[in-house]
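Work through these exercises on aromatic ring pairs with the model open. Try each task before reading its solution.

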Amino acid sequence: MKYLPLIARVFIALIFFYAGIKNSLSFASMVGVLSEKGIFLPELMLFASIVFQILGAVLLVVGYKARWGGILLIVFLIPTTLIFHNFWVNPGETIAFFKNLALIGALLQVYYYGAGPVSLDRKRL
């Protein structure tokens with residue numbers, strides 16, 4: 001049972017690792033997408049989102065300052081959800097919108113309960 005929070009943190013982090021790496025590898029095209037959406041300073045915003053995703057995911061997985069990692073990811077998710085998954089304009093984004101709400105819920109759980117027993121925060125690896 002002591003490994004369950006670690007497994008949960010890894011599962012939560014995987015989507016952010018994937019998205020951060022994917023956005024890094026397609027930086028120029030993603031800047032174009034952000035520009036089309038009217039995002040102010042798209043290069044800076046994309047760079048910041050990549051840093052938030054990767055750093056937040058690393059902190060979550062290793063359980064070092066996992067609460068801060070969760071906050072970074074929530075700060076990334078809120079505008080992303082509202083700007084890119086606005087199902088009230090595009091009903092095709094409904095699942096993505098609610099998936100992001102579920103991720104925010106999972107991250108709030110990490111924030112409230114902490115990283116768990118197998119983490120650098122608890123130093124019991």
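Phe87, Trp88, Phe97 and Phe98 form one aromatic cluster. The model is predicted: local features need pLDDT of at least 70, side-chain atom pairs count only at pLDDT 80 or more, and totals for chains, interfaces and linings use all residues. Residues are numbered from 1 along each chain as its sequence is written, and side-chain values use heavy atoms, leaving out hydrogens and water.

**Exercise 1.** Classify the pair of phenylalanine 87 and phenylalanine 97.

*Solution.* 
- Start with the rule: rings of Phe, Tyr and Trp (its six-membered ring) pair if their centres lie within 6.5 Å; planes under 30 degrees apart are stacked, over 60 edge-to-face, the rest tilted.
- Next, take the geometry. The centres lie 4.7 Å apart and the planes meet at 65°, so this pair is edge-to-face.
- Then place the rings. Phenylalanine 87 is in the loop between α4 and α5 (94-113), and phenylalanine 97 is in helix α5, 10 residues apart.
- Helices here are DSSP runs (H or I, at least four residues), numbered from the N terminus.

**Exercise 2.** How many aromatic pairs does the pairing rule give?

*Solution.* 
- The count is seven.
- One of them joins phenylalanine 16 and phenylalanine 76, edge-to-face, at 6.3 Å centre to centre with 80° between the planes.
- Phenylalanine 16 is buried at 3%. Phenylalanine 76 is buried at 15%.

Conventions: Buried < 20%, exposed > 50% of the residue type's maximum accessible area, 1.4 Å probe, protein only. Helix = DSSP H or I, 4+ residues; strand = E, 2+ residues; numbered from the N terminus.
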